[in-house]
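User: Hi, I have a protein model open and want to get my bearings. Can you walk me through what is on the screen?

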Amino acid sequence: RDAERVLKARELAESFPMFASLDPQGMQDLLHTFRHRTANPGARLIRRGDRADTVFFIAAGQVEVAVAGRKIRLGPGEHFGEMALMSGEPRSADVTAVDYCQFFTLDRRDFRRFIAQHPEIRTVVEATAAARRQMNEEK
Ligand code: CMP
(Lines give C-alpha, C1' and ligand atoms only; values in the text may rest on other atoms or scores of the structure.)
Protein backbone atom coordinates (compact mmCIF):
# COMPACT_ATOMS: atom_id res chain seq x y z
CA ARG A 1 0.00 0.00 0.00
CA ASP A 2 2.91 2.34 0.71
CA ALA A 3 4.37 1.57 -2.71
CA GLU A 4 0.99 2.35 -4.22
CA ARG A 5 0.88 5.68 -2.47
CA VAL A 6 4.39 6.61 -3.51
CA LEU A 7 3.63 5.66 -7.11
CA LYS A 8 0.53 7.82 -7.04
CA ALA A 9 2.49 10.68 -5.57
CA ARG A 10 5.05 10.34 -8.34
CA GLU A 11 2.39 10.46 -11.02
CA LEU A 12 0.89 13.52 -9.45
CA ALA A 13 4.21 15.26 -8.95
CA GLU A 14 5.08 14.57 -12.57
CA SER A 15 1.81 16.17 -13.63
CA PHE A 16 2.98 19.54 -12.25
CA PRO A 17 4.49 21.42 -15.20
CA MET A 18 6.73 23.27 -12.79
CA PHE A 19 8.43 20.01 -11.77
CA ALA A 20 8.98 18.79 -15.33
CA SER A 21 12.62 19.88 -15.21
CA LEU A 22 13.43 17.74 -12.17
CA ASP A 23 15.80 14.83 -12.67
CA PRO A 24 14.84 11.47 -11.08
CA GLN A 25 16.85 12.23 -7.96
CA GLY A 26 15.22 15.63 -7.57
CA MET A 27 11.78 14.05 -8.01
CA GLN A 28 12.65 11.39 -5.45
CA ASP A 29 13.79 14.03 -2.95
CA LEU A 30 10.60 15.98 -3.48
CA LEU A 31 8.40 12.92 -2.98
CA HIS A 32 10.10 12.20 0.31
CA THR A 33 9.70 15.79 1.47
CA PHE A 34 6.09 16.46 0.43
CA ARG A 35 3.29 16.01 2.90
CA HIS A 36 -0.22 15.17 1.85
CA ARG A 37 -3.11 17.30 2.91
CA THR A 38 -6.79 17.29 2.07
CA ALA A 39 -9.49 19.90 2.55
CA ASN A 40 -13.26 19.82 2.47
CA PRO A 41 -15.30 22.39 0.53
CA GLY A 42 -15.27 25.74 2.27
CA ALA A 43 -12.22 25.02 4.43
CA ARG A 44 -9.97 28.04 4.89
CA LEU A 45 -6.39 27.14 4.01
CA ILE A 46 -4.73 30.54 4.31
CA ARG A 47 -5.86 33.63 6.18
CA ARG A 48 -4.67 37.02 5.02
CA GLY A 49 -2.23 38.62 7.47
CA ASP A 50 -1.13 35.35 9.06
CA ARG A 51 2.47 34.31 9.35
CA ALA A 52 3.49 31.90 6.60
CA ASP A 53 4.58 28.35 7.22
CA THR A 54 3.45 26.26 4.22
CA VAL A 55 3.30 26.24 0.43
CA PHE A 56 0.54 24.21 -1.29
CA PHE A 57 0.66 22.37 -4.63
CA ILE A 58 -2.82 21.46 -5.86
CA ALA A 59 -3.15 17.80 -6.90
CA ALA A 60 -6.96 17.75 -7.11
CA GLY A 61 -9.82 20.19 -6.63
CA GLN A 62 -10.03 23.95 -6.82
CA VAL A 63 -9.31 26.76 -4.40
CA GLU A 64 -10.45 30.36 -4.42
CA VAL A 65 -8.01 33.19 -3.71
CA ALA A 66 -9.71 36.36 -2.44
CA VAL A 67 -7.49 39.39 -2.94
CA ALA A 68 -7.87 43.04 -3.93
CA GLY A 69 -11.64 42.66 -4.34
CA ARG A 70 -11.19 39.79 -6.78
CA LYS A 71 -11.74 36.06 -6.55
CA ILE A 72 -9.32 33.89 -8.47
CA ARG A 73 -9.65 30.13 -8.92
CA LEU A 74 -6.60 27.89 -8.91
CA GLY A 75 -6.67 24.19 -9.79
CA PRO A 76 -4.56 21.08 -10.34
CA GLY A 77 -0.94 21.74 -11.30
CA GLU A 78 -1.00 25.20 -9.70
CA HIS A 79 0.39 26.29 -6.34
CA PHE A 80 -0.25 28.93 -3.69
CA GLY A 81 1.22 30.17 -0.45
CA GLU A 82 4.61 30.86 -2.03
CA MET A 83 4.48 34.66 -1.83
CA ALA A 84 4.73 35.06 1.92
CA LEU A 85 7.28 32.27 2.19
CA MET A 86 9.54 34.00 -0.32
CA SER A 87 9.08 37.58 0.84
CA GLY A 88 8.86 37.04 4.59
CA GLU A 89 5.73 39.21 4.56
CA PRO A 90 2.38 38.12 6.01
CA ARG A 91 -0.09 36.17 3.87
CA SER A 92 -1.38 38.39 1.07
CA ALA A 93 -4.83 36.81 0.59
CA ASP A 94 -7.47 34.45 1.94
CA VAL A 95 -7.48 31.05 0.26
CA THR A 96 -10.46 28.69 0.61
CA ALA A 97 -11.17 25.22 -0.79
CA VAL A 98 -13.96 25.28 -3.38
CA ASP A 99 -14.46 21.52 -3.47
CA TYR A 100 -12.76 18.50 -1.98
CA CYS A 101 -9.04 19.15 -2.50
CA GLN A 102 -5.84 17.18 -2.30
CA PHE A 103 -2.53 18.95 -1.89
CA PHE A 104 1.15 18.32 -1.60
CA THR A 105 2.62 20.72 0.92
CA LEU A 106 6.10 21.80 1.90
CA ASP A 107 6.91 23.64 5.10
CA ARG A 108 9.00 26.78 4.97
CA ARG A 109 12.35 25.16 5.63
CA ASP A 110 11.85 22.38 3.08
CA PHE A 111 10.52 24.83 0.48
CA ARG A 112 13.51 27.13 0.89
CA ARG A 113 15.91 24.25 0.65
CA PHE A 114 14.10 22.85 -2.38
CA ILE A 115 14.20 26.08 -4.37
CA ALA A 116 17.81 26.69 -3.33
CA GLN A 117 18.69 23.28 -4.80
CA HIS A 118 16.65 23.80 -7.98
CA PRO A 119 17.29 27.26 -9.42
CA GLU A 120 15.15 26.56 -12.51
CA ILE A 121 12.13 25.93 -10.30
CA ARG A 122 12.97 28.92 -8.14
CA THR A 123 12.82 31.03 -11.31
CA VAL A 124 9.34 29.73 -12.18
CA VAL A 125 8.03 30.23 -8.65
CA GLU A 126 9.50 33.74 -8.46
CA ALA A 127 8.00 34.68 -11.81
CA THR A 128 4.55 33.47 -10.72
CA ALA A 129 4.81 35.37 -7.44
CA ALA A 130 5.91 38.55 -9.24
CA ALA A 131 3.00 38.32 -11.72
CA ARG A 132 0.53 37.76 -8.89
CA ARG A 133 1.92 40.66 -6.88
CA GLN A 134 1.69 42.94 -9.89
CA MET A 135 -1.89 41.86 -10.56
CA ASN A 136 -2.82 42.63 -6.94
CA GLU A 137 -1.28 46.08 -7.14
CA GLU A 138 -3.24 47.07 -10.25
CA LYS A 139 -6.40 48.93 -9.53
P1 CMP B 1 0.70 34.03 0.17
O2 CMP B 1 0.75 35.52 0.21
O3 CMP B 1 1.72 33.28 0.93
O4 CMP B 1 -0.75 33.56 0.67
C5 CMP B 1 -1.86 33.86 -0.15
C6 CMP B 1 -1.60 33.26 -1.52
O7 CMP B 1 -2.59 33.53 -2.50
C8 CMP B 1 -0.33 33.89 -2.12
O9 CMP B 1 0.77 33.52 -1.35
C10 CMP B 1 -0.42 33.37 -3.53
O11 CMP B 1 0.02 32.05 -3.62
C12 CMP B 1 -1.94 33.43 -3.76
N13 CMP B 1 -2.26 34.63 -4.54
C14 CMP B 1 -2.17 35.91 -4.15
N15 CMP B 1 -2.52 36.74 -5.15
C16 CMP B 1 -2.83 35.95 -6.21
C17 CMP B 1 -3.26 36.20 -7.55
N18 CMP B 1 -3.44 37.44 -8.01
N19 CMP B 1 -3.49 35.13 -8.35
C20 CMP B 1 -3.32 33.88 -7.90
N21 CMP B 1 -2.92 33.58 -6.65
C22 CMP B 1 -2.67 34.61 -5.82
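User: Let's start with β3. Why is it called largely enclosed by the rest of the structure?
Analyst: Because 6 of the 7 residues of β3 are buried. Keep in mind that this is a predicted model.

User: Which strands sit in the sheet, and in what order?
Analyst: The sheet is open and has 4 strands. The order is β1-β8-β3-β6, with antiparallel pairing.

User: And which are the edge strands?
Analyst: β1 (35–39) and β6 (79–80). Each of them pairs on one side only.

User: How many bridges join β3 to β8?
Analyst: There are 6, and the two strands run antiparallel. β3 also pairs with β6 in the antiparallel sense, over 2 bridges.

User: What does F57 stand opposite in β8?
Analyst: F104. In β6, F57 stands opposite H79.

User: How many bridges join β1 to β8?
Analyst: 5, and that pair runs antiparallel. Within it, A39 has C101 of β8 as its bridge partner.

User: New topic. How many residues are in the largest nonpolar core?
Analyst: It has 22 residues. F19, F34, F57, L106 and F114 touch the most other members.

User: Which elements give two or more residues to this core?
Analyst: They are α2 (24–33), β3 (54–60), α3, β8 (101–107), α4 (108–117) and α5.

User: What is F19 in contact with?
Analyst: Set aside neighbours within four places in sequence. Then F19 is in contact with A13, M27, L30, F34, F57, F114 and I121.

User: What about a second core? Which residues does it include?
Analyst: A second, separate core has 15 residues. Among them are L45, I46, V67 and C101.

User: Where is V67 found?
Analyst: In strand β4.

User: Why does V67 count as buried?
Analyst: Because its relative accessibility is 10%, and buried means under 20%.

User: What does V67 touch?
Analyst: Not counting residues up to four places away in sequence, V67 touches I72, S92, A93 and N136.

User: How far apart are V67 and G81?
Analyst: They are 14 residues apart in sequence. In space they are 13 Å apart, C-alpha to C-alpha.

User: OK, what volume does the largest pocket have here?
Analyst: About 260 Å³.

User: Which residues lie nearest its centre?
Analyst: V65, M83, S92, A93 and R132, out of 17 residues that line the largest pocket. Two or more lining residues come from each of β4 (63–67), β5 (70–74), α3 (82–87) and α5 (119–137).

User: How does that lining divide into nonpolar, polar and charged residues?
Analyst: The lining has 11 nonpolar, 3 polar and 3 charged residues.

User: Last one, E82. Is E82 buried or exposed?
Analyst: E82 is buried, with a relative accessible area of 1%. Its place is in helix α3.

User: And what is E82 in contact with?
Analyst: Leaving aside neighbours within four places in sequence, E82 is in contact with V55, F111, V125, T128, A129 and R132.

Conventions. Residues are numbered from 1 along each chain as its sequence is written. This is a predicted model: local features need pLDDT of at least 70, side-chain atom pairs count only at pLDDT 80 or more; totals for chains, interfaces and linings use all residues. Side-chain values use heavy atoms; hydrogens and water are left out. On a 1 Å grid over the protein atoms alone, a cavity is a set of points where a 1.4 Å probe fits but cannot get out, and a pocket is an open set with protein on both sides within 12 Å along at least five of seven lines; lining residues have an atom within 4 Å of a point. Grid points are joined across faces, edges and corners, and a volume is the space filled by probe spheres set on the points. Ala, Val, Leu, Ile, Met, Phe, Trp, Tyr, Cys and Pro count as nonpolar, Asp, Glu, Lys and Arg as charged, and the others, Gly among them, as polar. A nonpolar core is a set of buried Ala, Val, Leu, Ile, Met, Phe, Trp, Tyr and Cys residues joined through side-chain atoms within 4.5 Å. Buried means under 20% relative accessible area, exposed over 50%, partly exposed in between (1.4 Å probe, protein chains only). Contact means heavy atoms within 4.5 Å. Two strands pair if DSSP finds at least two bridges between them.
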